[in-house]
Amino acid sequence: MTNNHYDYSQGKTTDNSTHQTTYKDSNHYNIQNNIINTPPAGRPAIEILQERVCVGAAFDSAERGDPPRCHPDTRTAILESGYTWIDNLNVLYFFMWISGWAGVGKSAILQTIAEEYRRRMRLAASFFFFQASHNRSSTSGFVATIADQLMDSVPGAREIILHKIANNPNIFINKSFDSQWQTLVVDTFRALRPPPAPMVIVIDGVDEITSPKEQKTLLRTILRSAQQLGPSYKFLIASRPEQQIQRVFREFNIPEESKIELGDTADTRADIRLFFHASFSTIRHSLNPQSTSSAQAWPAQGVVERLVDKASGQFIYASIVVQFVGSPNEDPEAALEKIMSGQDVRSKAFKELDYLYLLLMERIQRPTLQEDQCLLHHMLVCIYMHLGMPTYIQLELSLILVFIGV
């Protein structure tokens with residue numbers, strides 16, 4: 001039994017005579033005709049808000065560069081499940097948790113969904129946490145960042161949010177995280193008409209928050225508010241399945257239908273296989289534009305299957321292999337041979353990443369071009385982000401990043 005009053009299996013009641021649906025603790029569908037009074041004199045509310053915003057957290061921020069996204073025709077089942085859930089007004093749960101360990105493609109899936117719903121004009125907001133970033137490794141700027149994005153994505157939200165900040169200029173100083181969220185996000189949504197189709201808030205990398213206490217506070221706050229708001233606003237969350245995160249979801253009686261666990265499944269292996277075939281085809285074509293896909297002579301038969309085995313469900317491994325083999329500074333056949341010469345360690349996929357890391361370190365011992373630095377940077381950042389390493393190893397990787405000038 002849970003001590004929490006929000007049981008997601010009991011959040012919805014329906015009047016069969018009128019076919020009207022009501023959600024517990026919610027007046028979301030009631031239009032509140034609040035009169036927005038003239039705010040008190042002082043610093044502009046927009047200035048107070050924007051000094052707290054994490055500009056690199058959004059799905060399309062320049063700070064994130066070219067973020068990972070799903071390769072065409074991969075992850076189709078997971079993406080379709082996500083799209084169907086977001087679009088459905090009749091589901092009983094208004095959040096979805098995508099979990100999996102390092103390198104399985106969580107961020108790519110959330111990036112792809114964020115881009116799709118931005119295209120549909122139904123992305124309410126996004127936040128991608130990142131442990132190596134000073135302002136994206138905590139929740140201190142989370143509410144301000146979400147509120148700032150809502151002002152652009154949700155009609156009518158701008159006036160309400162700025163008015164609330166103007167009435168309490170110290171909201172980001174003297175109010176708790178939960179109070180900030182309730183005031184600027186939940187109360188704003190509840191004061192507006194529901195959108196014509198559900199909107200989604202995408203939150204990636206909760207495990208990247210350095211404080212476990214902040215991780216739990218963020219999740220509890222969002223799960224409570226999701227039930228208050230009903231089906232018009234969905235929350236898509238991704239993280240590693242760490243114990244403190246799993247405990248929060250158990251507290252709230254999260255139904256199994258709201259969870260997607262990523263791993264070394266048959267579907268994942270099929271997607272990685274498709275990615276390898278498509279990528280090697282592109283590399284072959286770049287070397288010989290006159291070649292046809294039916295004239296495949298490289299890689300040799302069985303090589304892709306061995307690579308799929310080496311990946312052990314980790315898209316990060318497949319991505320780095322393709323970048324390494326397709327580098328303009330390497331002969332593709334020789335580069336692939338280097339990778340294949342490593343011992344197969346099917347049950348210990350991170351050893352395969354270790355081997356790639358050593359190949360990259362060997363490369364930078366000779367004069368390097370910018371492409372080499374970018375590839376090594378990508379590799380190190382992926383390791384830095386996901387593995388939860390001891391501080392001394394994180395420091396060593398940071399020094400390497402500085403050393404190679406990226």
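**Cysteines, core and rings**

Author: C70 counts as buried because its relative accessibility is 14%, where buried means under 20% relative accessible area, exposed over 50% and partly exposed in between, with a 1.4 Å probe and protein chains only. This is a predicted model, in which local features need pLDDT of at least 70 and side-chain atom pairs count only at pLDDT 80 or more, while totals for chains, interfaces and linings use all residues. Residues are numbered from 1 along each chain as its sequence is written, and side-chain values use heavy atoms, with hydrogens and water left out.

Reader: And C54, buried or exposed? How many disulfides does the structure hold?

Author: C54 is buried, with a relative accessible area of 4%. The structure holds 0 disulfides, a disulfide being a pair of cysteine sulfur atoms within 2.5 Å.

Reader: OK, the core next. Which residues have the most contacts inside the largest nonpolar core?

Author: That core has 82 residues, and those with the most contacts inside it are I109, F142, I146, L150, W181, L218 and L236; a nonpolar core here is a set of buried Ala, Val, Leu, Ile, Met, Phe, Trp, Tyr and Cys residues joined through side-chain atoms within 4.5 Å. Its largest share, 7 residues, comes from helix α4 (residues 142-153), helices (H or I, at least four residues) and strands (E, at least two) being DSSP runs numbered from the N terminus. A second, separate core of 22 residues includes W298, Y317, A335 and M340.

Reader: What is L236 in contact with, away from its sequence neighbours?

Author: With neighbours within four places in sequence set aside, L236 is in contact with W85, M96, I98, L110, I113, V200, I201, V202 and I203, contact meaning heavy atoms within 4.5 Å.

Reader: F142 was on that core list. Which aromatic residue does F142 pair with?

Author: F142 pairs with F129, and the two rings are stacked, at 5.8 Å centre to centre and 15 degrees between the planes. For the rule itself, rings of Phe, Tyr and Trp (its six-membered ring) pair if their centres lie within 6.5 Å, and planes under 30 degrees apart count as stacked, over 60 as edge-to-face and the rest as tilted. The pair links distant parts of the chain, since F129 is in the loop between β4 (123-128) and α4 while F142 is in helix α4, 13 residues apart. Both F129 and F142 are buried, and they belong to one aromatic cluster together with F127, F177, W181 and F235.

Reader: Last topic, the backbone. What is the phi of R75?

Author: R75 has a positive phi of about 60 degrees although it is not a glycine. R75 is in the loop between α1 (45-50) and α2 (76-87), and it counts as buried at 4% relative accessibility.
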